Amino acid sequence: MKSRASSGGLVYSTESGRMCPGCRQPVASCRCGEPAAPKGDGVLRVSRETKGRGGKAVTVVKGAPLDAAGLAALGKQLRTLCGTGGTVKDGVIEVQGDHVERVIEALKAQGHTVKRAGG
């Protein structure tokens, strides 16, 4: 039989309701499930890749210090600017086609520090 101490402690409080077992905060203000903000040096690296895509070129933007919503919004802006499709996955923005120069200019205009990566 489990004791109360080994089962995680406080589960419910009359003041704030249900409690998160991980951080011991009220469920409404729990931050356990939120992904942490990506860490990096703040430099966006823009490159062109063709590996694994049947020879098709894709412009790749890595290192954006943004959360998921900010990254999706930036990806949408870049795809609209280039007039192509693309995706945002695993913290990387992919824009279909070779649009490296156009993407670098747009990111610099928004105030980001940008480096061209690769060849």
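Q: Where does V27 lie?
A: In this predicted model, V27 sits in the loop that links β2 (17-18) to β3.

Q: And how exposed is V27 there?
A: V27 has a relative accessible area of 48%, so V27 counts as partly exposed; the exposed class begins over 50%.

Q: Which residues does V27 touch?
A: Not counting residues up to four places away in sequence, V27 touches R18, M19 and C20.

Q: Let us step back to the whole chain. How many helices and strands are there?
A: The secondary structure comes to 2 helices and 7 strands. Along the sequence, these elements follow the pattern β-β-β-β-α-β-β-α-β.

Q: What share of the chain is buried?
A: Of the 119 residues in the chain, 26% are buried. The accessible surface comes to about 8200 Å², and carbon and sulfur atoms account for 52% of that surface.

Q: What about contacts between residues 24 or more positions apart?
A: Among contacts in the chain with a separation of 6 or more, 39% are between residues 24 or more positions apart.

Q: Now the sheet. What is the strand order?
A: The order is β5-β6-β4-β3-β7, an open sheet of 5 strands with mixed pairing.

Q: Which strands stand at the edges?
A: β5 (86-89) and β7 do. Each has a single partner strand, so one side of each is left without a neighbour in the sheet.

Q: By how much are neighbouring strands turned against each other?
A: On average by 20°, with direction ignored.

Q: How does β3 pair with β7, parallel or antiparallel?
A: Strand β3 (residues 43-49) and strand β7 (residues 113-116) run parallel, joined by 4 bridges. Within this pairing, V43 stands opposite T113, and V46 has R116 as its bridge partner.

Q: And β3 with β4, parallel or antiparallel?
A: That pair is antiparallel, with 5 bridges joining β3 to strand β4 (residues 58-62). One of the residues involved is E49, whose bridge partner in β4 is V58.

Q: Which strands does α1 lie across?
A: α1 lies across β4, β5 and β6, and runs at about 15° to β6.

Q: Which strands does α2 lie across, then?
A: α2 lies across β3, β4 and β7, running at about 165° to β3.

Q: At what angle do the two helices pack?
A: Helix α1 (residues 68-82) and helix α2 (residues 100-109) pack at about 130°, and their axes are 10 Å apart. The two helices are therefore oblique to each other. Their crossing is right-handed.

Q: Which residues make that contact?
A: From α1, the contact involves L74, L78, L81 and C82; from α2, R102, V103, A106 and L107 take part.

Q: One more residue: where is H99 found?
A: H99 is in the loop between β6 (92-96) and α2.

Q: Is H99 buried or exposed, and why?
A: H99 counts as buried because its relative accessibility is 16%, and the class covers values under 20%.

Q: What is H99 in contact with?
A: Leaving aside neighbours within four places in sequence, H99 is in contact with T59, C82 and T84. Of these residues, C82 is also one of the α1 residues in the contact with α2.

How values were computed: Residues numbered from 1 in each chain as written. Predicted model: local features only at pLDDT ≥ 70, side-chain atom pairs only at ≥ 80, totals over all residues. Heavy atoms only, no water. Pairing = 2+ DSSP bridges. Buried < 20%, exposed > 50% of the residue type's maximum accessible area, 1.4 Å probe, protein only. Contact = heavy atoms within 4.5 Å. Areas by Shrake-Rupley, 256 points an atom, 1.4 Å probe, with all protein chains shown as cover. Axes fitted to C-alpha atoms, helices over the stretch in contact; angles between N-to-C directions. Parallel < 35°, antiparallel > 145°, perpendicular 65-115°, else oblique. Left-handed = near helix turned anticlockwise from the far one by under 90°.
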